[in-house]
Amino acid sequence: PNPRTLVYLGTELLALNRPAEGVEWLHRYLDVGEWDEELCQSAHKLSLGYRMLADKEPEQRDHLDNAEEAARLAIQYRPDWPEGYLDLAEIAMRRSQPAQALRLIDQARQKPVPQTLLIINPRDYDLHPLLLESAALTQLGRAKEAYDATLKALEMAPRDDIQIQALGLGDAVKA
């Protein structure tokens, strides 16, 4: 099939919560893809797929290592894009390394929002790093800074139920 079909299949399988199949298609794309922007985005999605697998199969320790390898591949393809750095920050959080996560979030913030023909979500570059920062600051016991970051996040997306759930605030915030 056309290389883009491979990446689309992988992406859709991740969206259907079928990460084992999704990572297979994304790997197939990475073997034949040529466009550095799409290669970066695919490596980013591959990292996400492996993190999804880590959630489903926590006993399989290599999923986070594979997610890290994919994140580094995203950086290799486009070191000027934030995706790989944010992937590494998420992995650092899962490994209980919040200080490392904060450093990676700072690196990601130094990168501009990609100017690309690919479909991107602008919230991946402002809201998502803020949520990660809040979680990292919380783990470090820096409650005031975490609270401030959380309030900024809620100002960006006050009615976004998904983000409210991600913040762990649930029905208390909605009311």
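## Briefing on a predicted helical model

Where pLDDT is low, the predicted coordinates should not be read in detail. Over the chain the average pLDDT is 90, and 90% of the residues score at least 70.

Because this is a predicted model, local features need a pLDDT of at least 70 and side-chain atom pairs count only at pLDDT 80 or more, while totals for chains, interfaces and linings use all residues. Residues are numbered from 1 along each chain as its sequence is written, and side-chain values use heavy atoms, with hydrogens and water left out.

- The crossing of H1 and H2 is left-handed, meaning that the near helix is turned anticlockwise from the far one by less than a right angle.
- Among the residues that meet are Leu-6, Leu-9 and Leu-13 in H1, and Trp-25, Leu-26 and Tyr-29 in H2.
- By class, this contact of H1 with H2 has 11 nonpolar, 3 polar and 3 charged residues, where Ala, Val, Leu, Ile, Met, Phe, Trp, Tyr, Cys and Pro count as nonpolar, Asp, Glu, Lys and Arg as charged, and the others, Gly among them, as polar.
- The axes of H2 and H3 come within 9 Å and cross at roughly 155°, which makes H2 roughly antiparallel to H3.
- H2 passes H3 in a left-handed crossing, and the residues that meet include Val-23, His-27 and Leu-30 in H2 and Leu-39, Leu-46 and Leu-53 in H3.
- The contact of H2 with H3 has 12 nonpolar, 3 polar and 3 charged residues.

**Helices H7 and H8**

- Helix H7 (residues 127–139) packs against helix H8 (residues 143–156) at an angle of about 155°, with their axes 8 Å apart, and that makes H7 roughly antiparallel to H8.
- The crossing of H7 and H8 is left-handed, and its residues divide into 8 nonpolar, 3 polar and 3 charged.

- A search of the whole structure finds 15 salt bridges, each being a side-chain nitrogen of Lys or Arg within 4 Å of a carboxyl oxygen of Asp or Glu.
- Arg-78 forms a salt bridge with Asp-36, and their closest N and O atoms are 3.5 Å apart.
- Arg-78 lies in the loop between helix H4 (62–77) and helix H5 (83–94), whereas Asp-36 belongs to helix H3 (residues 36–56), and the two are 42 residues apart.
- Thr-116, found in the loop between helix H6 (98–109) and H7, touches Trp-35, Glu-37 and Trp-81, not counting residues up to four places away in sequence.
- Although Thr-116 and Glu-37 are 79 residues apart along the chain, their C-alpha atoms are separated by 7.6 Å.

Terms used:
pLDDT is the predictor's confidence in each residue, from 0 to 100. Helices (H or I, at least four residues) and strands (E, at least two) are DSSP runs, numbered from the N terminus. Contact means heavy atoms within 4.5 Å. Axes are lines fitted to C-alpha atoms, for helices over the stretch in contact, and angles run from 0 to 180 degrees between N-to-C directions. Angles under 35 degrees count as roughly parallel, over 145 as roughly antiparallel, 65 to 115 as roughly perpendicular and the rest as oblique.
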